[in-house]
Structure formats: structure tokens, C-alpha cells
Amino acid sequence: MNTSLVAGLIFWGTMARVLSELMTLSPEHTQQGLLWLCNGMWVGAAGILIYAGCRWLRHDRTQDNKEADHEH
């Protein structure tokens, strides 16, 4: 079975469940939940960017060290 198909079904099933639950809440709770979700996604994206930047810097430093060692 195709892995991406299974992942897509799980994702859309989860989204349908979340939307179903949001419809049962009051508008204030729904807005608060969406606000927290949005903020959480921004924090997650920032964390991924910081992690990628650290990996890039670490890789860049190791490349510089390898080039310097090769010259000696």
C-alpha cells in the first residue's frame, strides 16, 4: 500500500475530526484554539529555521576545517 496515501488519509481524517470538534465549541473557544494553533505553528516554523541554520553553520565549519587540514 502506498505510504503517502495512508498519510493523506490519516491527515484528512484528523482534519475532519478537528473541524467537527470545533463546530461544537463556542465561537470564543474556537477563536482561542485557532489562535493557539497559529502561534504554535509559528513557533514550530521558527524552531525548524533555527535548527536548519545551526546545521548549516556546523556543516560550513567542518568544510572549512577539512580544507585547512588538507593544505598542511
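Hi everyone. A quick definition to start: a helix here is a DSSP run of type H or I with at least four residues, and helices are numbered from the N terminus. Please keep in mind that what you see above is a predicted model.

So, the overall picture. The protein has 2 helices and 0 strands. Of its 72 residues, buried ones make up 3%. The accessible surface comes to about 6800 Å², and carbon and sulfur atoms account for 68% of that.

Now let's look for empty space. Rolling a probe the size of a water molecule over the atoms shows where some is left. In this model, the largest pocket has a volume of about 160 Å³.

Which helices supply at least two residues each to its lining? Those are H1, spanning 3-24, and H2, spanning 27-71. H1 gives the most, with 5 residues. If you want to find the lining on the structure, look for Phe11, Met15, Val18, Leu19, Leu22, Gly33, Leu34 and Leu37. Sorted by class, that lining holds 7 nonpolar residues, 1 polar residue and no charged ones.

Is threonine 30 buried or exposed? Its relative accessible area is 15%, and the cut-off for buried is under 20%, so threonine 30 counts as buried. Leaving aside residues up to four places away in sequence, threonine 30 touches Leu22 and Leu25.

Note on methods: Residues are numbered from 1 along each chain as its sequence is written. This is a predicted model: local features need pLDDT of at least 70, side-chain atom pairs count only at pLDDT 80 or more; totals for chains, interfaces and linings use all residues. Side-chain values use heavy atoms; hydrogens and water are left out. On a 1 Å grid over the protein atoms alone, a cavity is a set of points where a 1.4 Å probe fits but cannot get out, and a pocket is an open set with protein on both sides within 12 Å along at least five of seven lines; lining residues have an atom within 4 Å of a point. Grid points are joined across faces, edges and corners, and a volume is the space filled by probe spheres set on the points. Ala, Val, Leu, Ile, Met, Phe, Trp, Tyr, Cys and Pro count as nonpolar, Asp, Glu, Lys and Arg as charged, and the others, Gly among them, as polar. Buried means under 20% relative accessible area, exposed over 50%, partly exposed in between (1.4 Å probe, protein chains only). Contact means heavy atoms within 4.5 Å. Accessible areas come from the Shrake-Rupley method with a 1.4 Å probe; for residues, only the protein chains shown count as cover.
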